[in-house]
Amino acid sequence: MARHPDHKYAANAYYWLGEVYLVQDDPKNAVIAFSTGIKKYPNGGKAAANLLKMGVAFKRMKQVKHAQSSWNKLVKDFPTAPEIEKAKTYLK
């Protein structure tokens with residue numbers, strides 16, 4: 001990611017890095033990976049997925065307000081994303 005930040009899959013790499021951290025039960029680093037992906041590629045193909053999973057990571061850290069904020073941003077900024085229904089479910 002550092003050597004090829006403009007590669008067409010760079011945005012995906014941050015998402016998958018975050019997923020790896022979630023599987024390893026490391027939500028703090030997952031949040032860092034997902035948020036970096038959002039900051040560097042706000043309109044990338046994984047932006048909505050990053051927000052969804054960032055919310056999941058925050059929830060695992062018992063930071064419910066941050067989780068809700070992530071999901072609300074997804075709903076607001078990406079109303080047609082496939083992840084929208086899952087975000088709405090988490091918000092209930």
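Biologist: Which way does helix 3 pass helix 4, left-handed or right-handed?

Modeller: In this predicted model, helix 3 passes helix 4 in a left-handed crossing.

Biologist: Why is helix 3 called roughly antiparallel to helix 4?

Modeller: The two helices pack at an angle of about 165 degrees, with their axes 7 Å apart. Angles over 145 degrees count as roughly antiparallel, so helix 3 is roughly antiparallel to helix 4.

Biologist: Which residues make up the contact of helix 3 with helix 4?

Modeller: From helix 3 come Ala48, Leu51, Leu52, Met54, Gly55, Val56, Phe58 and Lys59. They meet His66, Ala67, Ser70, Trp71, Lys73 and Leu74 in helix 4. The residues of this contact divide into nine nonpolar, three polar and two charged.

Biologist: How do you know that helix 2 and helix 3 are roughly antiparallel?

Modeller: Helix 2, residues 27-40, and helix 3, residues 47-60, pack at about 155 degrees, and their axes are 9 Å apart. The cut-off for roughly antiparallel is over 145 degrees, and therefore helix 2 is roughly antiparallel to helix 3. Helix 2 passes helix 3 in a left-handed crossing.

Biologist: What meets what between helix 2 and helix 3?

Modeller: On the helix 2 side are Pro27, Ala30, Val31, Phe34, Ser35, Gly37 and Ile38. On the helix 3 side are Ala47, Asn50, Leu51, Lys53, Met54, Ala57, Phe58 and Arg60. The contact of helix 2 with helix 3 has 10 nonpolar, three polar and two charged residues.

Biologist: What makes Asn50 buried?

Modeller: Asn50 is found in helix 3 and has a relative accessible area of 2%. Buried means under 20%, so Asn50 is buried.

Biologist: Which residues does Asn50 touch, leaving out those up to four places away in sequence?

Modeller: Asn50 touches Tyr14, Tyr15, Phe34, Gly37 and Ile38. Asn50 and Glu83 are 33 residues apart in sequence, and their C-alpha atoms are 9.8 Å apart in space.

Biologist: How many aromatic pairs does the structure hold?

Modeller: The structure holds four aromatic pairs. One of them is formed by Tyr14 and Tyr41.

Biologist: Why is the pair of Tyr14 and Tyr41 called tilted?

Modeller: The ring centres of Tyr14 and Tyr41 are 6.2 Å apart and the ring planes stand at 40 degrees. Pairing needs centres within 6.5 Å, stacked needs planes under 30 degrees apart and edge-to-face needs over 60.

Biologist: What does the pair of Tyr14 and Tyr41 tie together?

Modeller: Tyr14 lies in helix 1, residues 10-23, and Tyr41 in the loop between helix 2 and helix 3, so the pair ties together parts that are 27 residues apart in sequence. With the cut-off for buried at under 20%, Tyr14 at 9% relative accessibility counts as buried, and Tyr41 at 18% also counts as buried.

Biologist: What makes the pair of Trp71 and Tyr90 stacked?

Modeller: The rings of Trp71 and Tyr90 are 4.8 Å apart, centre to centre, with 25 degrees between the planes. Planes under 30 degrees apart count as stacked, so this pair is stacked. Trp71 lies in helix 4, residues 64-77, and Tyr90 in helix 5, residues 84-91, so the pair ties together parts 19 residues apart in sequence.

Biologist: How do you know whether Trp71 is buried or exposed, and what of Tyr90?

Modeller: Trp71 has 3% relative accessibility and counts as buried. Tyr90 has a relative accessible area of 31%, between the 20% and 50% limits, and is therefore partly exposed.

Biologist: Which residues form one aromatic cluster?

Modeller: Tyr15, Trp16 and Phe34 do.

Biologist: What is the phi of Asp25, and what is the phi of Lys62?

Modeller: Asp25 has a positive phi of about 55 degrees, and Lys62 has a positive phi of about 65 degrees. Neither residue is a glycine. Most residues other than glycine have a negative phi.

Biologist: Why are Asp25 and Lys62 called exposed?

Modeller: Exposed means over 50%. Asp25, in the loop between helix 1 and helix 2, has 58% relative accessibility and so counts as exposed. Lys62, in the loop between helix 3 and helix 4, is exposed with a relative accessible area of 72%.

Key. Residues numbered from 1 in each chain as written. Predicted model: local features only at pLDDT ≥ 70, side-chain atom pairs only at ≥ 80, totals over all residues. Heavy atoms only, no water. Axes fitted to C-alpha atoms, helices over the stretch in contact; angles between N-to-C directions. Helix = DSSP H or I, 4+ residues; strand = E, 2+ residues; numbered from the N terminus. Parallel < 35°, antiparallel > 145°, perpendicular 65-115°, else oblique. Left-handed = near helix turned anticlockwise from the far one by under 90°. Contact = heavy atoms within 4.5 Å. Nonpolar A, V, L, I, M, F, W, Y, C, P; charged D, E, K, R; others polar. Phe/Tyr/Trp six-rings, centres within 6.5 Å; stacked < 30°, edge-to-face > 60°. Buried < 20%, exposed > 50% of the residue type's maximum accessible area, 1.4 Å probe, protein only.
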